[in-house]
Structures are given as structure tokens and as C-alpha cells.
There are 2 protein chains.
Amino acid sequence: MNTGELVELGQQLRVDSVRAAAAAGSGHPTSSMSAADLMAVLFARHLRYDFERPDHPANDRFVLSKGHASPLMYATYKAAGVIGDEELLTFRENGSRLEGHPTPRKLPWVETATGSLGQGLPVGVGLALAGKRLDRTGHRVWVLCGDSELAEGSVWEAAEQAAYENLDNLTAIVDVNRLGQRGPTRHGHDLDAYARRFQAFGWHTVEVDGHDVDAVDRAYGEALSTDGQPTAILARTLKGKGVESVQDREGLHGKPLPEAEDAIAELGGPRDLRITVQAPPAGGEAPARRITTPELPRWERGEDMATRDAFGEALAALGSARDDVVALDGEVGDSTRLEYFAKEHPERYVECYIAEQQMVADAVGVAARGWLPFASTFAAFLTRAHDFVRMAAISGSGLNLVGSHAGVAIGQDGPSQMGLEDLAMMRAVHGSTVLYPCDANQTARLVAAMAGLEGIRYLRTSRGKSAVIYGPDEEFPVGGSKVLRSSGQDRLTLVAAGVTVPEALAAADALAEEGIAVRVVDLYSVKPVDVETLRTAAEETGCLVTVEDHHPEGGLGDAVAEAFGDGRPVPRLVRLAVRNMPGSAAPEEQLHAAGIDAASIAAAGRLLVGEAIVS
Amino acid sequence: MNTGELVELGQQLRVDSVRAAAAAGSGHPTSSMSAADLMAVLFARHLRYDFERPDHPANDRFVLSKGHASPLMYATYKAAGVIGDEELLTFRENGSRLEGHPTPRKLPWVETATGSLGQGLPVGVGLALAGKRLDRTGHRVWVLCGDSELAEGSVWEAAEQAAYENLDNLTAIVDVNRLGQRGPTRHGHDLDAYARRFQAFGWHTVEVDGHDVDAVDRAYGEALSTDGQPTAILARTLKGKGVESVQDREGLHGKPLPEAEDAIAELGGPRDLRITVQAPPAGGEAPARRITTPELPRWERGEDMATRDAFGEALAALGSARDDVVALDGEVGDSTRLEYFAKEHPERYVECYIAEQQMVADAVGVAARGWLPFASTFAAFLTRAHDFVRMAAISGSGLNLVGSHAGVAIGQDGPSQMGLEDLAMMRAVHGSTVLYPCDANQTARLVAAMAGLEGIRYLRTSRGKSAVIYGPDEEFPVGGSKVLRSSGQDRLTLVAAGVTVPEALAAADALAEEGIAVRVVDLYSVKPVDVETLRTAAEETGCLVTVEDHHPEGGLGDAVAEAFGDGRPVPRLVRLAVRNMPGSAAPEEQLHAAGIDAASIAAAGRLLVGEAIVS
């Protein structure tokens with residue numbers, strides 16, 4: 001396309017954005033109009049992409065970080081000939097592929113769900129990292145950002161990693177239209193303000209008039225010819241560009257244009273230009289991956305071993321058996337034991353430093369390129385990345401997250417380091433799997449199982465050593481549980497997981513000595529939960545005590561209650577959980593103070609069997 | 001103190017840090033030793049603080065952002081004479097005030113709980129903002145940061161706001177000791193790398209040898225004399241400084257020194273220097289605050305009004321009645337309706353832009369200075385600040401958080417904008433209150449009630465309009481509920497909150513026409529939950545259906561189940577919640593697709609009354 005055609009294409013994308021939002025009665029046309037020329041030049045001149053084969057390894061990757069500008073994206077797809085005009089006008093309708101914010105669950109050309117600002121560039125870094133360090137297929141990553149979203153710290157985690165990893169295959173295109181949702185941004189049209197920041201973080205920068213298609217074209221060329229560092233193109237644009245009544249005006253974010261027909265006329269009316277997007281370079285196929293069955297580490301019963309250690313060893317073994325496994329660290333690999341993987345497979349280990357949002361974004365990015373990421377930090381610090389996990393679920397992304405140092409059982413370090421809400425956070429993620437092993441062999445098996453699942457998989461590990469209670473050949477299906485104590489006389493069932501399993505066993509033994517037979521269930525699969533075993537236990541024993549090293553909300557107790565949430569008769573239930581605010585103390589002191597140690601469990605059991613209220 | 005004494009004081013702080021960690025058998029002495037001279041000079045020469053009166057408005061504020069260096073902090077307290085040597089050696093013991101990471105719940109001189117890295121500077125910005133824009137008492141804020149934690153994006157959200165707000169009362173002291181937990185940082189001892197970043201964000205910077213006490217003293221002086229911008233002091237230090245066997249070495253993070261006695265000898269043995277910390281300047285009292293009863297907005301039954309609108313109006317009214325109310329916005333005040341407050345009380349409104357972590361950190365900071373913060377964004381985006389909320393609870397901080405656009409009911413914008421896990425996240429916060437109103441009058445009353453509570457208070461609001469169902473004089477105690485339909489023949493109880501209340505009422509009416517009497521409970525107080533009403537309903541109707549615009553985990557259903565978690569007989573329960581991944585669709589289509597509209601509720605009710613399993 002020549003200059004004149006590019007200008008026309010930009011206008012076409014504006015018109016189609018206005019039309020889509022008008023048809024929907026909602027949406028963000030003004031945010032689309034500012035970036036229309038940037039998109040026109042990118043798709044017509046620089047992007048290399050095979051729409052017929054979205055998973056082509058050599059395809060460039062485009063991320064719309066400002067996801068609310070979805071009309072622009074869909075207008076571009078129409079210009080590329082992959083959606084029709086009729087579909088364009090289904091924007092935001094029930095059942096349409098063209099959602100308010102784009103998601104890969106609906107459209108194969110979308111790399112990652114956006115709509116929570118400040119996430120596109122971080123995921124773009126993950127995609128570029130995959131290209132640079134893992135795939136090596138030479139693909140480039142283009143991310144269209146808003147200016148408002150540069151206020152998100154996650155953007156600077158991304159900027160830092162991108163420069164440190166020399167991601168010259170990454171270009172951030174910043175649509176500096178000066179206006180956020182509520183009003184002007186902090187820096188308005190001061191492109192230098194943004195350039196200084198990116199430069200300080202090690203990026204090459206280009207400042208450009210975002211409505212001058214030739215200048216934009218040269219800027220993209222400059223990005224392509226920049227070696228050793230990522231490029232940020234800071235494009236001065238006008239929100240609502242091209243329609244006088246809305247252009248560069250406040251108060252018009254996220255609203256269809258008031259007079260759509262007039263606006264379309266002012267933009268020169270509908271057009272039907274077609275973009276021929278360049279094909280990806282020939283070759284560039286990713287090497288076939290070797291995926292074999294891992295030789296998991298094995299421990300003998302009675303050995304002392306922390307589940308975090310078992311995780312580290314199992315992941316290293318998984319990495320040996322499968323060359324698609326990638327480990328992402330939050331600068332705590334010596335604690336989480338991700339370092340075991342790092343030592344054996346340094347080429348597939350990424351140190352993300354203390355930047356948990358970026359760590360999860362990297363996981364989303366490499367997963368989108370077909371890798372199998374395991375990202376790990378303290379369970380407590382995964383809360384830092386909650387919004388990224390939420391958005392990953394919307395993407396339908398397949399991630400393994402591993403949180404160590406769960407619960408009060410960590411001891412002296414105190415509450416800031418204790419994961420006490422991670423089960424609640426991870427259970428509430430759509431389609432997630434939540435696993436909480438109590439011994440080393442169980443951990444190893446669950447790590448291997450995670451590799452075969454879909455969606456967000458979460459494994460919770462513990463800091464302290466504990467006795468191995470399962471043999472190395474025992475199997476632990478996801479969605480299952482283990483009945484560790486059982487008899488025909490059971491009057492009570494204790495449901496535990498992780499560090500509370502040995503406590504529950506000790507409590508059961510104590511109660512047995514008093515003549516109270518007690519069932520013990522190891523509910524290592526917190527989600528999905530083993531409803532059959534729980535229902536059988538309820539029918540046979542009449543009452544259940546759950547005990548968890550977690551706050552009472554959203555964890556094991558709730559998971560058990562959910563098994564009876566379909567209207568069937570419900571057993572009597574008692575939930576023991578961490579209701580206090582812990583301080584520093586030894587692990588056993590912590591368990592006792594929280595009322596989740598063997599003595600507390602036995603006491604609750606006695607009351608419940610005596611048909612008393614436990615409080 | 002003269003130079004020689006400062007050097008000695010630094011050594012004393014090292015010795016006491018080593019001794020505290022040795023006594024505990026854990027802790028972070030090497031991270032303390034790098035910053036000992038920085039602390040010695042600050043406390044002996046520059047900090048103005050009355051230890052007898054920690055709430056003195058003119059006190060400077062010190063934040064240990066690298067909270068794991070707590071031994072250094074406690075050693076400094078000892079040198080200041082406010083804790084004794086005996087207490088120092090209780091470090092990390094059960095019941096000791098000297099926790100592994102400092103918290104204000106235990107020690108009155110600690111401004112905020114730290115231990116999750118990258119949070120101290122953001123909260124310091126909140127403290128400095130209070131000083132600059134609200135208190136105007138001239139206090140200064142000093143934050144001691146680690147170098148590793150500068151990888152957290154939250155630090156750059158803080159840097160951005162601090163410069164934009166011209167916080168020249170804020171100094172960040174960065175202990176650049178080159179070593180993180182697992183290994184070297186990205187930038188090692190490259191002070192320029194950090195200086196470039198802070199400068200680009202608008203800060204004044206000073207680079208200094210962090211072990212040269214005179215140079216450090218001059219650097220603090222330069223910070224004090226810098227007008228109009230915050231200062232970052234980048235101090236080159238050595239981890240484990242002063243003990244050859246650990247100094248500047250990897251693999252020694254978070255470990256007591258191997259040979260403590262030898263190390264103490266190498267440091268010159270114990271000393272007993274006393275710091276006389278300067279008193280805060282005379283005067284500088286904060287003005288007395290006017291706190292009266294708000295004249296809340298009132299609506300008539302049957303009016304159409306969104307709860308987000310009611311929140312906005314009620315908060316503006318609260319701000320008129322109390323001059324301690326501060327509103328913090330995430331650049332969505334036009335959507336959350338925080339803009340109503342902004343228009344009436346611009347002097348107490350802070351636009352934090354799209355930086356939710358910083359928004360919550362500001363709330364923590366201003367709350368620590370006695371203000372009553374209300375921070376608001378979309379419920380979905382509060383997940384971004386999850387770790388800050390978690391740490392705020394550890395601080396015992398009093399915050400009001402308001403999440404708008406809850407649930408699938410927002411409609412076309414799609415899942416990225418829908419808060420579907422916010423109830424789970426907020427319920428699992430220790431000591432939190434979670435409120436979810438269904439109409440305007442209820443919202444206004446709950447906003448007023450929040451002001452009188454402690455801890456983390458969360459209000460969930462809805463985007464769409466709904467009919468006002470309560471009169472303007474109705475009261476809504478926190479921990480209560482409203483029984484909206486009730487008779488002696490009720491065979492079922494529907495428990496709803498927010499947007500599902502009108503759906504439940506419609507379902508009840510439909511079932512009543514079929515001869516099935518149904519009770520309806522508006523459970524606006526999700527935590528604490530009204531156990532009495534729920535238990536009565538269970539006894540009288542035998543079965544309960546919960547219905548919520550939230551994922552099934554951690555929300556209303558779990559809150560109801562918890563009311564029966566003490567071993568008493570449990571009613572039959574069915575929980576209706578959002579189990580699908582929503583797309584774009586109209587609000588009523590969304591409710592139907594999720595199975596939480598009136599028709600779905602009525603269908604579940606019929607099955608349950610017929611003693612069928614509902615699935």
C-alpha cells in the first residue's frame with residue numbers, strides 16, 4: 001500500500017470502529033480512532049502473519065494491550081478479510097466472537113485476553129522471550145499500548161525484563177492520545193516524558209506523529225533495525241481523530257459517537273480496502289518436542305522431606321522428560337526449590353526477579369507459544385499477580401503456578417510470608433485446579449499430573465519437612481483423595497490436606513485410644529474435590545471436621561461444603577482454620593495457636609461426637 | 001554524634017543484628033549489616049521523632065521497606081533506648097513484639113507492616129501525600145528500600161506518583177548491596193542504572209558510598225534541601241558488611257551468621273551507644289477534625305438508581321459531614337462515581353491514575369496518619385492490589401475499598417471487567433467486612449456504617465440501575481440481613497445479595513403463584529454474616545438456595561455455609577453462582593446464561609422443594 005492508501009485504510013478502520021460501536025450501542029470508538037493509523041501501517045506494511053494458520057511458529061504476534069480498542073482490532077480483521085462486515089456488526093452481541101474486549105477463547109488470532117490495562121505489554125514480553133530464548137523462530141512481537149496504562153507498575157516490570165533480556169524482537173507502540181477514561185493523563189502529549197522512562201529502562205525509543213503514516217512506517221522500520229534492545233514508539237495521536245465533535249475532547253471515553261452517521265460521513269464514508277498481510281518467512285518451524293514419561297524422584301515411607309523439595313526434584317525430572325517445560329522464578333528459587341530445575345535445565349529457566357506480575361505474564365506468553373510453564377514464588381506473593389491469573393483464565397491459558405511457604409506452618413518469619421488466602425484466590429479462578437500435597441511422593445505425582453491438565457493449575461507446597469506417608473508407587477488422581485483411616489465404626493471424618501494431614505492422623509490415633517473411631521481423608525485435590533468420598537464419609541460417619549492451614553474463607557472447608565451444595569442432606573460440619581492473626585513463633589506453636597494441631601482437632605472431634613456445638 | 005561515633009554506632013547496630021538473629025536461630029543479619037550505617041546516620045542526625053508519642057503529627061515517618069532487615073530496626077530501637085537488650089534477644093520468639101518482619105500491631109513506632117517487598121515505598125508515598133496535601137504538618141518520610149525490590153512494578157507506581165505530586169518531603173534510601181535472595185540483582189552495584197530510572201520518573205538522585213557516614217550525612221542533607229521533588233539516595237553497600245566470611249557473598253541471605261561469636265568479635269564486640277533522636281518541631285499539631293452525622297441522600301421506593309450512583313452520592317455526603325474522609329481514585333471515578341466526591345471535596349480527592357497497588361498503598365499511608373480513606377475502582381481491578389490488601393490487614397490498617405461493576409450484570413463489556421472473585425478475595429482477608437447492597441438507600445446507609453468500622457471494609461457496587469426497594473429510613477446493621485418475604489408456610493429460603501435480590505423476589509413471587517411459599521433473605525452483609533437469621537430460616541424452611549453474581553467459590557454460598565460450620569444440623573443447600581465463562585451480552589442475558597436469574601432460581605427452588613438433587 002502506498003501513502004494515500006494507508007491514509008484511506010486508517011479512515012476505513014475509523015469508520016468501521018464507529019459502525020461497530022454504533023451497532024452495539026456501546027464500546028470505545030474514540031480510543032480506536034486514535035490508533036487507527038498505527039494499526040493500518042502495521043498490518044499493511046510490517047506484520048508477518050498467516051491468518052489461515054494462527055499457530056504458525058514464525059508468525060509475528062500482535063497484542064492489543066489497550067483491549068477496549070477492540071473495534072479497531074475487529075475493523076482490522078475485516079480489512080484483512082478474515083471476518084465479514086456482517087460479523088463486524090455483531091460486536092458485543094450475545095454469542096458473537098467479537099467481545100467487548102478480545103479473547104483468544106473466541107478468536108484464534110488473539111494472543112491473550114486484554115481489558116485489564118497494563119497486561120498486554122507484560123504478556124508481549126513473555127511472547128518475545130519465547131521467541132528469543134525458546135522458539136528461536138525469528139518472530140516479532142508488536143504490542144499496541146495506551147498511554148494511560150503506562151501508570152501501571154506491571155508495565156515497568158515488563159520494560160525492565162525486556163531490556164535486560166535484550167528483546168529486540170519486541171516493539172511497544174504507545175498510542176499517546178493524552179486522554180484517559182476520566183480525564184487527561186499525567187503527561188498529556190509530553191512524549192519525552194514517556195521516552196525518558198523507557199530509555200532509562202534500557203529501551204530504544206522513537207517519537208512520532210501517530211497520524212503521519214509515512215513517519216509511522218519509518219518508526220516501525222527503525223524498530224525492526226534496532227539490535228539488542230526493545231523499541232518503544234511513542235506516537236502522538238488524538239482521541240476520536242477525524243471527527244471534529246469528539247476529537248481530543250474529554251468525557252467521551254467508552255461511548256459510541258453521538259451522531260454516528262454524520263461522523264461516518266465526516267470520515268469520508270465506508271470503504272472496502274483490503275490488506276494483504278505479509279506471510280511469515282518460510283521455514284521457521286519450531287523443533288518437534290520430546291515428551292516422555294518422567295522418571296519421578298522416589299522416597300521411602302518415613303523419610304523426612306519437605307513438599308517444596310519434592311516439587312523441585314519432580315519439576316527437574318519433568319523437565320528432563322519433556323523439553324517443553326519452562327520454569328519461571330520470582331527470585332526465590334532457593335526457597336521454592338525451582339533452583340533444582342535451573343541447575344539441570346538452565347536454557348529453560350527464566351529468572352523474573354521480584355516481579356510476580358511479570359512472572360505470571362511470562363507464563364501466559366510462553367504458554368501461548370506452546371510451552372508448559374511452571375511459575376513459582378511464595379504462595380503469599382502470588383496474590384501480587386492475582387489480576388494476571390484472573391486474566392489468564394479468561395484467555396484460557398494453561399499455566400502451572402506453585403506457591404511455597406503456605407500457611408502458619410512456616411513459623412518464625414511471620415504473617416507477611418504466610419500464604420493464608422491462596423486457596424481462596426486460586427479456587428475462585430474459573431476452571432482452575434488446586435492441589436495441596438502432604439508428602440513428597442504425592443507431590444511428585446501431582447507435579448507430573450499437572451502437566452497434563454488444562455487451565456490454571458495451582459500447587460501449594462510447604463516449607464518444613466514432614467514424614468513421607470505414601471509409597472513411591474501410589475497414585476493420586478486429580479479430583480481424588482486418600483482415605484487414610486477407616487473402619488465400619490467411624491463416628492466422625494477428619495478432612496485434611498498438606499500440613500494438617502499428619503495432625504489429623506495424630507488426632508485420629510488419640511481419639512481411637514479413647515474408643516472413638518475416626519476416618520481420615522487426605523483431600524489433596526482441593527479443586528476439583530472428591531465428592532464421592534466425601535459423600536460416602538458423610539453417610540457413614542454423619543459428621544465431618546475440616547482442618548486447614550488457611551483462613552476459614554474460601555479454602556478446604558468451603559471446598560468440602562461445596563460437595564453438598566446440590567440439595568442432598570448435609571452432614572454436620574465443623575471447620576478448623578486459621579482465625580487468628582499469627583505472629584512469629586515456631587511451626588508447632590503456630591499450629592497450636594491457630595487451633596489446627598492434633599490436640600485441637602481431637603478436641604473438636606470429641607465435642608462433635610458428643611453432639612455439641614463446636615465454637 | 002561525630003563521625004567516629006556514627007561509625008561506632010553502625011558497628012553496634014551490626015553487632016546487635018547478628019546477636020538478635022543468633023538468638024532466634026533465623027532472620028536476616030547480612031541484609032541488616034549492609035544498611036547499618038544508613039540507619040545510624042538517619043536516626044542520629046536527621047530523623048525527628050518522639051518515641052514517647054508515636055502519633056505526634058509532626059513526627060517524621062520511617063518505613064523499613066526491606067522488612068526482612070528487622071534486626072537492624074530493632075537494634076536501632078535499642079540504641080534509641082526504647083527497647084532493652086533483653087527484649088532484643090526475644091527476636092522471633094512466640095509472643096515477642098519483635099516479629100520476623102515488623103508490624104504496627106506489635107510496635108507503635110512501625111508505620112506499616114512490611115515483608116512483602118515493594119510495598120514500603122508505595123506506603124511511604126501515601127504517608128508523604130498525607131503530609132503534603134492533608135496534614136500539612138511538615139513531617140518528612142524516610143523509606144529504606146532494598147535494591148532487589150526495585151524490580152517490583154509497585155515501586156514505579158510509587159515513583160511516578162511521588163514526583164507528580166511534588167513530594168519533596170519524601171526520601172527513598174536504597175541499600176544497593178548488589179545481592180538479592182537467590183543471587184545478584186540485575187544491576188549489581190550499578191548505581192547509575194537506578195539513578196537513571198528515578199530521574200526519568202522525576203526524582204532528584206544522590207549516589208553515595210553507603211558505608212561513608214559523612215557522605216551519607218551529606219546525602220540526607222541534600223535530600224532535605226531539595227525542593228519540589230522527592231529524592232532517591234542510591235547507596236553502594238556490601239551485604240554482610242564488616243564480617244569478612246559473609247561480606248558481599250552469595251548464598252547467605254536470610255541466615256544467621258555461621259560463627260556469630262567470631263563475627264561479633266570481628267565487628268569489635270558489643271557496644272552501648274545511645275542515640276538521642278531529635279524531637280519533632282514544636283507546634284505542627286494537626287487541626288481538630290469535624291466529625292458529624294452525615295445527611296445521607298434519600299430515594300423513594302420504586303425509583304431507579306444504581307448502587308454505584310448511591311455510593312457516589314453517599315460518599316460525597318459523608319465527606320461533607322466528616323473532614324477526615326479522603327477519596328482515592330484509580331482513574332475511573334466517572335464509572336465508580338467517586339467523581340461526586342471529587343467535585344465537592346477536591347482538596348481531599350487523590351487521583352492515583354491506573355495504579356491500583358499505589359491507590360491502596362496511599363489508603364494505607366493516609367489511614368496511618370489518621371485519615372479515613374475510601375479507595376475505589378472496578379471490583380475486578382482490585383485483584384491487582386490483592387497483596388497490598390493482605391499486608392494492610394497485617395498492619396491492622398483501617399481502609400474502605402469499594403469495587404464497582406461487580407459480576408456478569410455489567411453486560412456487554414465482558415469478563416475482563418467483571419468482578420467475579422472479589423467476594424472470595426475480600427472475605428479471606430483477616431478481620432475484613434464485606435458488604436453488598438442491592439438498592440440505593442441500603443448503599444447509602446452502608447457507606448455511612450463503613451466509616452465506623454475497623455480493619456478492611458469492602459463495599460461491592462453494581463453498574464446497572466435497579467428499583468429502590470427499601471425506604472430511606474430503613475436501617476442496615478453490619479452483620480444483619482433483611483427478610484423480604486416470610487410466612488409460616490415457607491418451604492424454602494432464597495438467600496441473595498445485590499443484583500440477585502430482585503431476581504430472588506421475582507422467583508419467590510413465581511413460586512408463590514404455584515403454591516410454594518418461599519422466604520427471601522437479603523444478605524447484604526456477606527461478612528460478618530447474619531447467622532441467627534440463616535439458622536432460623538434453616539430450622540423453619542429446611543432448605544436454602546443461595547444465589548450470587550460471583551464464581552461459586554468463596555462468595556455468598558460459602559458465607560452461608562459457614563453459618564452452619566459449628567457442628568449443628570445443616571439444612572439442605574443449593575448454591576447458584578456464575579459457573580460459566582461469560583462473554584459479551586446484555587445484563588439480563590448474562591444473568592440467564594449464568595443461571596442466576598429469576599427463572600433459574602425458581603427452577604432450582606422447585607427441584608429442592610421436591611426433594612430432588614439440583615445439578
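1. Helices (H or I, at least four residues) and strands (E, at least two) are DSSP runs, numbered from the N terminus. With that in hand, look at chain B. Pro528(B) sits in the loop between strand E17 (525-527) and helix H19 (531-541) of chain B. The peptide bond that joins Lys527(B) to Pro528(B) is cis, with omega near 0°.

2. A word on the basis. This is a predicted model, where local features need pLDDT of at least 70, side-chain atom pairs count only at pLDDT 80 or more, and totals for chains, interfaces and linings use all residues. Residues are numbered from 1 along each chain as its sequence is written, chains are lettered from A and ligands numbered from 1 in the order in which they are written, and side-chain values use heavy atoms, with hydrogens and water left out.

3. Now chain A. The bond from Lys527(A) to Pro528(A) is cis, with omega near 0°. Pro528(A) is in the loop between strand E17 (525-527) and helix H20 (531-541) of chain A.

4. Next, backbone angles. Most residues other than glycine have a negative phi, and most peptide bonds are trans. Arg136(A) has a positive phi, near 55°. Its loop runs between helix H6 (120-135) and strand E2 (141-146) of chain A. Arg136(A) counts as exposed, at 63% relative accessibility. Arg337(B) also has a positive phi, about 75°. Arg337(B) is buried, at 17% relative accessible area. (Buried means under 20% relative accessible area, exposed over 50%, partly exposed in between, with a 1.4 Å probe and protein chains only.)

5. Then the interface. In contact (heavy atoms within 4.5 Å) are 109 residues of chain A and 109 residues of chain B. The chains bury about 8900 Å² between them, 49% of it on carbon and sulfur atoms. (Buried area is the accessible area, 1.4 Å probe, that two parts lose on being put together, summed over both.) Arg182(A), Arg186(A) and Arg384(A) lose the most area in chain A, together 11% of what that side buries.

6. Last, charges. The rule finds 18 salt bridges across the interface of chain A and chain B. (A salt bridge is a side-chain nitrogen of Lys or Arg within 4 Å of a carboxyl oxygen of Asp or Glu.) One of them joins Glu553(A) and Lys527(B) at 3.3 Å, N to O.
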